[in-house]
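This report describes selected features of the model shown below.

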Amino acid sequence: MPANCPDLRTIYVGNGWSTAAVTNSTDMFFNCTSLVGGQGTTWNSSNPTDKTYAHIDGGPSNPGYFTAKNAGLRGDVNGDGHVDINDVTALINYVLSGNAAGVNMANANCDLQGNVDINDVTALINFVLKGAWN
């Protein structure tokens with residue numbers, strides 16, 4: 001697995017992903033400091049570095065470091081199933097604070113450039129106003 005990978009941000013997996021056959025997962029996520037799960041779980045040195053977090057991120061109730069391959073709806077930052085002003089607010093809050101809790105990072109990449117920043121806020125606002133992606 002990706003131990004000592006400080007630049008790795010996202011690991012996409014399908015719904016069938018499982019660690020059932022893994023027998024040694026010690027330090028699986030050691031020093032993967034940029035890793036963020038699909039619902040905003042960020043790598044933290046106080047979290048276990050073994051397979052404990054090797055599953056699709058379920059948010060605060062079931063944190064994980066993976067993102068579902070078909071993560072959802074582009075722009076649905078808060079994960080409620082539709083794109084609206086609430087997603088814009090959630091994205092602005094993330095950009096200003098860096099706190100990814102409750103943020104679907106895959107869906108927040110609105111400009112499809114691979115990272116989430118102020119340009120995604122602009123793209124999302126334009127989508128909400130126009131009803132179409134540029």
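## Helix packing, disulfide and accessibility

Helix H1 (residues 85-97) and helix H3 (residues 118-130) have axes that come within 10 Å and cross at roughly 170°. H1 is therefore roughly antiparallel to H3, a label given to angles over 145 degrees. Axes are lines fitted to C-alpha atoms, for helices over the stretch in contact, with angles from 0 to 180 degrees between N-to-C directions.

The model is predicted: local features need pLDDT of at least 70, side-chain atom pairs count only at pLDDT 80 or more, and totals for chains, interfaces and linings use all residues. Residues are numbered from 1 along each chain as its sequence is written, and side-chain values use heavy atoms, leaving out hydrogens and water.

The structure holds one disulfide, defined as a pair of cysteine sulfur atoms within 2.5 Å. Cysteine 5 is joined to cysteine 32, S to S 2.2 Å. The torsion about this S-S bond is about 105°, so the disulfide is right-handed.

Buried denotes under 20% relative accessible area, exposed over 50%, and partly exposed in between (1.4 Å probe, protein chains only). Both cysteine 5 and cysteine 32 are buried.

| Residue | Relative accessible area | Class |
|---|---|---|
| Aspartate 80 | 37% | partly exposed |
| Cysteine 110 | 0% | buried |

Aspartate 80 is located in the loop between strand S2 (67-68) and H1.

Conventions: Helices (H or I, at least four residues) and strands (E, at least two) are DSSP runs, numbered from the N terminus. Angles under 35 degrees count as roughly parallel, over 145 as roughly antiparallel, 65 to 115 as roughly perpendicular and the rest as oblique.
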